[in-house]
Amino acid sequence: LALAIGLTVGLAPFAALASYNPPRLGKPGRRVGAGVRGPCMMSDRLLMPLVPTNAFGTTVEENPTLFWYVPQTSAQSAEFILLDQHDQELYKTTLPLKKTPGIISFQLPTEVALEMDKHYRWQFSLTCDANVPSANPFVEGQIERVELSQSLTK
C-alpha cells in the first residue's frame, strides 16, 4: 500500500500529460462480495476483487495479473474463468486457497494472451460446494488490453 501511494504521489506531476477516460460500456460487473453466507464463509468480510471502482480494468500486458481479497473461508479452492466478448469460455482453472484470509493473485498463462482492444470478462468464485455452484460466493469484472500511449511511454 505504501508503495502504491508513493508511486501515485511520485507520478502526480505527470497526471496532466496522460489523462485517461475509461470507455463507457454499460453496467459494470459485480465488484462487491456476492453469493450466500453459509458454512463456507467464516467472516463478516466479503470476497472482493481489487479492481477500479467501475469494475472495468485496462492493461498493457498480454498476460496481466489479477488480484482478489479472500476472507476467512472453509473453501480450499477457487475457480477462475475468462470469457471473451461473446461470453465464450476461453480459460478455466482451479486455484488453491490458503487457510488464512488475504490477497491472492493469478497471472494469466501465456497460452491465453489477451488481444489488443478486445473486451474480456472474468469470474472468480470460491468452491464452497462443488455440487451446488450457484451457492458459491463469486465476483466478476471486465478487462481490456490497450496500447501504451506515447505520453506514458515518455
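# Reading a predicted structure: a tutorial

Author: The structure holds 1 disulfide. The model is a predicted one, and the dialogue below takes its features in turn.

Reader: Which residues does the disulfide join?

Author: In general terms, a disulfide is a covalent bond between the sulfur atoms of two cysteines. In this model the disulfide joins Cys40 to Cys128, with an S to S distance of 1.8 Å. The pair links distant parts of the chain, for the two residues are 88 residues apart. Cys40 lies in the loop between α1 (2-11) and β1, and Cys128 lies in the loop between β7 and β8 (138-145).

Reader: Why is the disulfide of Cys40 and Cys128 described as left-handed?

Author: The torsion about the S-S bond is about -55°, and the disulfide is therefore left-handed.

Reader: Let us turn to the sheets. In what order do the 5 strands of the open sheet with mixed pairing stand?

Author: Strands of a sheet pair through backbone hydrogen bonds, either parallel or antiparallel. Here the 5 strands form an open sheet in the order β2-β8-β7-β4-β5, and the pairing is mixed. Its edge strands are β2 (56-59) and β5 (89-96), each of which pairs on one side only. From one strand to the next, the twist averages 25°.

Reader: How many bridges join β4 to β7, and how many pair β4 with β5?

Author: Strand β4 (residues 77-83) is joined to strand β7 (residues 119-126) by 6 bridges, and the two run antiparallel. On the β7 side, Ala78 has Leu126 as its bridge partner, while Phe80 has Phe124. β4 and β5 also pair in the antiparallel sense, over 7 bridges. There the bridge partner of Glu79 is Thr94 of β5. The hairpin of β4 and β5 has 5 residues between the strands, and in this hairpin Asp87 takes a positive phi near 60°.

Reader: How many residues of β4 are buried?

Author: In β4, 6 of the 7 residues are buried, so the strand is largely enclosed by the rest of the structure. Ser77 lies in this strand. At 19% relative accessibility Ser77 counts as buried, because the cut-off is under 20%. Apart from neighbours within four places in sequence, Ser77 is in contact with Thr94, Leu95, Pro96, Leu97, Leu126 and Thr127.

Reader: Which strands form the open sheet of 3 strands?

Author: That open sheet has the order β1-β3-β6, with antiparallel pairing. The edge strands are β1 (48-49) and β6 (102-107), and each pairs on one side only. β1 is joined by 2 bridges to strand β3 (residues 65-70), and these strands run antiparallel. Pro49 has Trp68 of β3 as its bridge partner.

Reader: How should a residue in a loop be read? Where does Lys118 lie?

Author: Lys118 lies in the loop between β6 and β7. The residue is partly exposed, with a relative accessible area of 32%. Leaving aside neighbours within four places in sequence, Lys118 is in contact with Gln85, Ile143, Glu144 and Arg145. The side chains of Lys118 and Glu115 are joined by a polar contact of 3.1 Å. Lys118 and Asp84 are 34 residues apart along the chain, and their C-alpha atoms are separated by 8.1 Å.

Reader: Over which residues does pLDDT stay under 50?

Author: Where pLDDT is low, the predicted coordinates should not be read in detail. In this model pLDDT stays under 50 over residues 1-20, for which the model has 4 contacts beyond four places in sequence. It also stays under 50 over residues 30-37, for which the model has 32 such contacts. For the protein chain, the mean pLDDT is 79, and 73% of its residues reach 70 or more.

Note on methods
Residues numbered from 1 in each chain as written. Predicted model: local features only at pLDDT ≥ 70, side-chain atom pairs only at ≥ 80, totals over all residues. Heavy atoms only, no water. Pairing = 2+ DSSP bridges. Helix = DSSP H or I, 4+ residues; strand = E, 2+ residues; numbered from the N terminus. Axes fitted to C-alpha atoms, helices over the stretch in contact; angles between N-to-C directions. Buried < 20%, exposed > 50% of the residue type's maximum accessible area, 1.4 Å probe, protein only. Contact = heavy atoms within 4.5 Å. Polar contact = N/O pair within 3.5 Å; in protein donor to acceptor, adjacent residues only side chain to side chain. Disulfide = S-S within 2.5 Å. pLDDT = per-residue confidence, 0-100.
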